[in-house]
Amino acid sequence: MSFEISKSYTLLSEAMDYRAARQDMIASNIANADTPYYKPRDIDFEGTLVAEKEKIFNQDKSKELQMATTDAKHLQPKERQSSQKATLFFRDGQMARNDGNSVDLDVETTEMSKNSVMFNALVMASKKESAIFRSVIDASSKV
């Protein structure tokens with residue numbers, strides 16, 4: 001049995017995991033800047049994160065069409081699971097050098113900085129969410 005603070009906390013946790021994976025991918029690109037024929041990779045998870053948000057926040061089962069069971073021996077329907085995963089792709093657009101490597105350090109460091117800012121924003125939002133939860137617990141203990 002798991003304890004869920006709130007639905008937004010679950011989404012924040014998923015987003016931080018994706019941002020950490022993207023940070024590792026960008027660091028790998030920078031580390032392979034001198035590897036011949038290396039193509040920079042990236043993770044596109046914004047679409048997956050939107051689908052995850054829809055799955056978490058739109059769980060209103062009252063508007064969903066229910067399967068009719070006319071016999072007790074009927075099988076029960078399976079819960080729908082999100083089949084979307086973050087997609088890995090090769091970042092194109094940079095010209096390859098003579099050795100076939102197309103890592104552009106300016107692009108990689110810029111993407112790493114943007115990703116770090118987004119990760120820090122998610123951490124701050126997570127701290128704020130847990131601070132609100134702690135204040136509720138503290139206030140309820142005084143009653």
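How far apart should the ends of helix α2 (residues 46-57) be, at 1.5 Å a residue? The 12 residues of α2 should span 16 Å, and the end C-alpha atoms are 16 Å apart, which agrees. The expected span here is 1.5 Å times one less than the number of residues.

Ground rules next. This is a predicted model: local features need pLDDT of at least 70, side-chain atom pairs count only at pLDDT 80 or more, and totals for chains, interfaces and linings use all residues. Residues are numbered from 1 along each chain as its sequence is written, and side-chain values use heavy atoms, without hydrogens or water.

Now the fold. The chain has three helices and two strands. In sequence order they run α-β-α-β-α. These are DSSP runs, numbered from the N terminus: helices are H or I with at least four residues, strands E with at least two.

Back to α2. T48, E52 and I56 are buried there. The buried residues of α2 fall within an arc of 70° seen down the axis, so they line one face of the helix. That arc uses the directions from the helix axis to the C-beta atoms. Buried means under 20% relative accessible area, exposed over 50%, partly exposed in between, with a 1.4 Å probe and protein chains only. What do the buried residues of α2 pack against? They pack against α1 and β1 (41-44). Contact means heavy atoms within 4.5 Å.

On to α1, residues 7-31, which holds S13. S13 has 31% relative accessibility, so S13 counts as partly exposed. S13 and V123 lie 110 residues apart in sequence, yet their C-alpha atoms are 9.0 Å apart.

Last, the whole chain. Buried residues make up 22% of its 143 residues. Of the contacts between residues at least 6 apart in sequence, 79% join residues at least 24 apart.
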